[in-house]
Amino acid sequence: MSNSWDHYPSTSSETPREFLVSVELYISNAAGATLRKPLTDRKKADKRGSSGVEDIKLREKSSSSWLSLQKSLSGAGHWRSATCRLLEEGDRCLLNVYVDESILYQTVYIHLLNQTDIRQTDNSLFYRKDCLGIFCIAGQRWTPSNTAEPLYLQFPNPDTSSTWHALLKSYAIPEIYGRWFFPMDGGSYRMWRQVELTVIQGRNLGLTRHFNGTNNGDSNPDNEGADVDISCEIHLNDILCSRTTVKRGLGSPDWHESFTYPGLPPFENLDIVVWKEKKLLKPSIVGITRISLINFRRGDIVEGWFPVLQTGSIGSEVQFGELRLKIRVDEEIILPYSSYARLMQTCSSRSILDWMSDLENRLKLKSISSHLMSVAVATNVVIEQVQEYASREVENSATSHQTLFRGNTTLTKTIELCMTWYGKAFLEASIGNVLRRLCTEKIAIEVDPMRSGKGAKDVERNVEQLIYWCHEFWNQIYSVRAECPNEMRILFKTIRKVVEKRYRPDPTSIDNHNYLPWQSVSAFCFLRFIVPAILHPHLFGLSPGLPSLPVQRSLTLIAKVIQSLANLNATLQKESFMRGVQDFLKDSLPAMIDYIAVVSTPISETPASTTPGDEMNRHDRLNIVNALRQRKKTMTILDRESVPILPHLLDIPKHLAIITSAVIRNSGDLRARPRTGDDTDLAVDEFCSRCFEVEEEALLRVSQLATKLASEGGRRQSVHEIIVEGSLVSEPLDAEMPRSPISEVTSTVISASARPTRRRKSLRPSTAPSPTGSTSPSRREMFLGGENSPAGPRTFTHTMPDDWDIQNTRSLHHKAPSIDSFPLVAARDITMPVRLQQPTESPVVDVVDDSGKRKKGLLRGILRR
């Protein structure tokens, strides 16, 4: 595995390591009651939602819905400047958080946390970027206020956030299984989980419907009026993780808002709480949609209508509408990197772009392109391979120059991924602030007389307003042209050069294509990056949720003008009502050519990974990178690989595991696919064969671990020690702490009064493979013949040497409970009128009771693909 930081010199130090960083700290009202009040000027700044780093925080409100949400959050707590001091003391790691430079707010024992307890916070929770959430309970931290809420930290910029994210996870406990049975590797395998959720729309929200199908006319959304605001809060394992924007009026709102939750602890429930809010009244709950994630088939997309329920007066559940949701649940077993060596060798034998094209065309796999891209970025080959592929495609292209790069080809989709990957900060600097200002001011522009139905004076006034905002957007875009990342510059230069070579200007031709090389660059930079972000800002993280329809129309008109300018077209306008912007286009044409020339010219020396507004000292950042390098040398294999790779927080084994699972899940139709017998077919067959080899090893590792656990059970039944997630937890098998029923849902982060609970975890992940399918060759025989099959049962046992020093392994700590152990967020002072039932199905575990009898279900339901 390659690390882009490896070229920096490393320094070794045996003294205790210490790291400092300045952050913004979220403090709830309950926790802040014991602290000194912040200064007046800072308090005013917090009420305005402003922050110290103005060019990268979403401090501007994009709509009235943002105003409502910010108002709710400001009532629940506030943000204060703080200093984090991470101190390594032998096997311990302490994170001290200070406010007002000297007041110790909390001390978190990072070495007692799971890596899944340290996660990036969704932007919608606070409408702030670059936030990390640290989820811990009593015993894992010290705090004078006895608070049970998570610790939320906002870092100055994305680079600082990523660096500290990796640093904190390097001291936390990864979710590794079989650590004590496979000490040389640090365990048998580790786990990774993710949930992707899209809240599409609602219908009949607020309209009562009993399960017998009868309607209750007493609760009609029309009676509430159009001044009711409605929104949703998303809770994972009873923790508030994100929220939708507020929509006006009950009935059938449209959201189309997507959320991704990576690096999760074991699944339980996904709850979507629908709130309604009316002026001068307290917010109230319309109902709750509860979804059990345990039963979801991994890797499949489920879309449909889900009921919004409340508990009736006599305990019966009453439906108050429906939500249309799209959900995908992923849960992967990640083996050591060495297990993917043959698969990586196969991947490296061809260009990543060739694999994207062939796997999509031959196997209909469209969801793994981003993971192949991640592997290429981590191995530092993506730019070189895209350059080679672009030269080959343009040289062999038979299309007209007028349609060059207009279609959705493998090249265009890959460069889109590259721009999204490398250009997030550049896009934010280019249009972020001005776009949010337009949304905040609710600018409604309409220059089409047929649409507006207004007179010539009003149309002329709208044209002037359109020109003004086009100037605002273009001036901001042009002013940050020098901030274009060097990776994007290299790609744009390659595109420009290959087009110049392929379509050489002909002086005798009427159309000598003088502008074609520049237009080819704008076909990517604008047509596939900046302009789509103007049209759909919520998809690029520039604004929360869909803008209102009048604002969407304004953005559409601005996008048309900017795209015409990018096409270097100052005269031709299809719509007659758009001809009023021709003067703007003519005046801005030279600046556009200069812009394209700048962004398609690589800089000779790439600066260190910095972003606009980066306040973290480069020396401090390199100090963390060097410390991580030194720590990894003392870690076991799985512990070392669980630390994400900087600067992009990549995990190559994880991406390879996801690719393998996608191939296996789609292997049912491999025999039926059309075959041509060409080199591509042979390459795809080899790729699939490598994926089946990885699956076979995963099956054997899990089966072997389960066998060892069963054999060890008899010797440990006196204390009932359970090995879970890389640590030993001694607890009676028949004693499970009671779980408090959920009685209230809140808009704040977490309740300080709720009591944390702990659930007993299974001996292995619920997705582990079943032995009944582990030896079946039916899915492999088309790729691995009998002569290639192993002659006997393969084992992956590493016996512990006599001289093995137990101190060389990771220190033994009690497992940090997953977020299901955290209490629910603090209430809006409103009792939830519904019952959130606990799931009736729990993971099947094979344990040994007091009588020594083995319980059934050791390998049931494992590795559901």
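In this predicted model, the axes of helix H11 (residues 410-422) and helix H16 (residues 516-535) come within 10 Å and cross at roughly 75°, which makes H11 roughly perpendicular to H16, a word that covers angles of 65 to 115 degrees, while under 35 degrees counts as roughly parallel, over 145 as roughly antiparallel and the rest as oblique. Axes here are lines fitted to C-alpha atoms, for helices over the stretch in contact, with angles running from 0 to 180 degrees between N-to-C directions. Helices (H or I, at least four residues) and strands (E, at least two) are DSSP runs, numbered from the N terminus. Where the two helices are in contact (heavy atoms within 4.5 Å), Thr412, Ile415, Glu416, Met419 and Thr420 of H11 meet Phe524, Cys525, Arg528 and Phe529 of H16.

| Helix pair | Axes come within | Crossing angle |
|---|---|---|
| H11 (residues 410-422) and H16 (residues 516-535) | 10 Å | roughly 75° |
| H8 (residues 352-363) and H10 (residues 382-395) | 8 Å | roughly 65° |

Residues are numbered from 1 along each chain as its sequence is written. Local features need pLDDT of at least 70 and side-chain atom pairs count only at pLDDT 80 or more, whereas totals for chains, interfaces and linings use all residues, and side-chain values use heavy atoms, with hydrogens and water left out.

Buried means under 20% relative accessible area, exposed over 50% and partly exposed in between, for a 1.4 Å probe and protein chains only. Leaving aside residues up to four places away in sequence, Tyr595 touches Phe426, Trp474, Ile477, Tyr478, Arg481, Cys525, Phe526 and Ile530.

Turning to the strands, an open sheet of eight has the order E5-E6-E8-E1-E2-E3-E4-E7 with antiparallel pairing, where two strands pair if DSSP finds at least two bridges between them. Strand E5 (118-120) and strand E7 (141-142) stand at the edges, each with a single partner strand, so one side of each is left without a neighbour in the sheet. Within the sheet, two bridges join strand E1 (residues 18-28) to strand E8 (residues 151-154), and Glu24 has Gln154 in E8 as its bridge partner.

Elsewhere, four bridges join strand E12 (residues 229-236) to E13 in an antiparallel arrangement, with Leu236 opposite Ile239. Five of the five residues of strand E13 (residues 239-243) are buried, so this strand is largely enclosed by the rest of the structure. E12 and E13 form a hairpin with two residues between them, and Asn237 in the turn has a positive phi of about 50°; at 3% relative accessibility, Asn237 counts as buried.

Asn204 also has a positive phi, of about 55°, although it is not a glycine. Asn204 lies in the loop between strand E10 (189-203) and strand E11 (209-210) and is partly exposed, with a relative accessible area of 36%. Finally, a cis peptide bond with omega of about 5° joins Leu646 and Pro647, and Pro647 is found in the loop between helix H20 (637-641) and helix H21 (652-665).
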